[in-house]
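This report concerns salt bridges within helices and the pairing of strands. Please consult the sequence and the structure shown here.

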Amino acid sequence: MNLISAGEQFNRQAARYAVSEAHSSGESLRILAAWASLERYALGLDIATGPGFTAFAVAGFCDMIVASDIAQGMLDQARKIADERGIANVRFEIVDACDISYPDASIDLVTCRTAPHHFRGIGKFLSEVHRVLRPGGVFLLCDTTTSEDPDVAAWHHRVEVERDSTHMTAPTPAAWRRYLNDVGFEITQFSDTRVDMTFREWVERSGTPAEALERLYRDFAAAPREVISAFGIRRSDDDDFEFYWPVFCCRAVKK
């Protein structure tokens with residue numbers, strides 16, 4: 001397997017993520033924006049913004065929103081889209097999700113969507129978010145999760161790493177709740193949803209090598225019944241696969 005850093009991967013694939021429907025729209029983005037609309041924020045920070053879609057969705061509720069990422073290529077795409085949409089109250093910064101370059105209690109809102117499964121330490125990431133939020137500050141999180149069935153979760157993890165070696169983990173919903181509680185967040189709202197995909201779009205977005213593509217296709221074709229049920233896998237008429245990953249969404253407040 002060709003191991004590269006997350007920064008290298010997302011610089012290389014930034015243009016594909018900029019046109020990804022899974023990132024530019026979807027139920028998780030609608031949920032997150034609806035929760036953001038409950039308050040007004042002086043300063044917001046979107047972690048791992050990618051092409052900026054989450055930052056743009058909450059910009060109207062912030063005096064200023066920082067769209068941050070570890071990959072400059074993603075920030076270049078986000079800046080282009082912000083210019084096209086005429087969004088003026090956004091700035092763009094390189095920020096490591098596990099070492100956030102902001103002082104304690106300096107942020108009113110932190111958002112992060114469709115990204116933590118690439119982070120090298122979920123606990124460290126959440127601790128950093130908790131640190132930079134002011135008391136009573138809001139954290140809005142949406143990310144792919146997995147099955148509570150260990151065998152199904154193992155299959156999910158294996159194909160994700162095969163597809164993109166920067167994938168680290170997709171915690172179960174129960175594990176997400178433990179992580180958040182452990183660092184001092186109070187979960188005030190929760191919703192589970194899903195992100196629908198096709199196999200071809202999924203692997204093209206990540207630039208998966210041809211040899212891995214063949215193995216992944218066989219994995220989907222021979223998926224166990226429990227996996228098929230958990231992720232809605234079905235073969236389409238054009239010999240592709242349609243499927244979904246479950247998504248964990250929550251609104252949490254710093255105690």
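## Salt bridges within helices

Helix 7 holds both Arg131 and Glu128, which lie three residues apart, about one turn of the helix. The model is predicted: local features need pLDDT of at least 70 and side-chain atom pairs count only at pLDDT 80 or more, while totals for chains, interfaces and linings use all residues. Residues are numbered from 1 along each chain as its sequence is written, and side-chain values use heavy atoms, with hydrogens and water left out.

Helices (H or I, at least four residues) and strands (E, at least two) are DSSP runs, numbered from the N terminus. A salt bridge places a side-chain nitrogen of Lys or Arg within 4 Å of a carboxyl oxygen of Asp or Glu; the structure holds 17 of them.

| Pair | Closest N to O |
|---|---|
| Arg131 and Glu128 | 2.9 Å |

Relative accessible area is classed as buried (under 20%), exposed (over 50%) or partly exposed (in between), with a 1.4 Å probe and protein chains only. Glu128 is buried at 6%, whereas Arg131 is partly exposed at 23%. Salt bridges with shared partners join Asp104, Glu128 and Arg131 into one network.

## Strand 5

Nine of the twelve residues of strand 5 (residues 133-144) are buried. Strands pair if DSSP finds at least two bridges between them. Strand 5 pairs with strand 4 (residues 107-113) in the parallel sense over six bridges, and Thr111 has Leu140 as its bridge partner. With strand 8 (residues 241-254), strand 5 runs antiparallel, joined by seven bridges.
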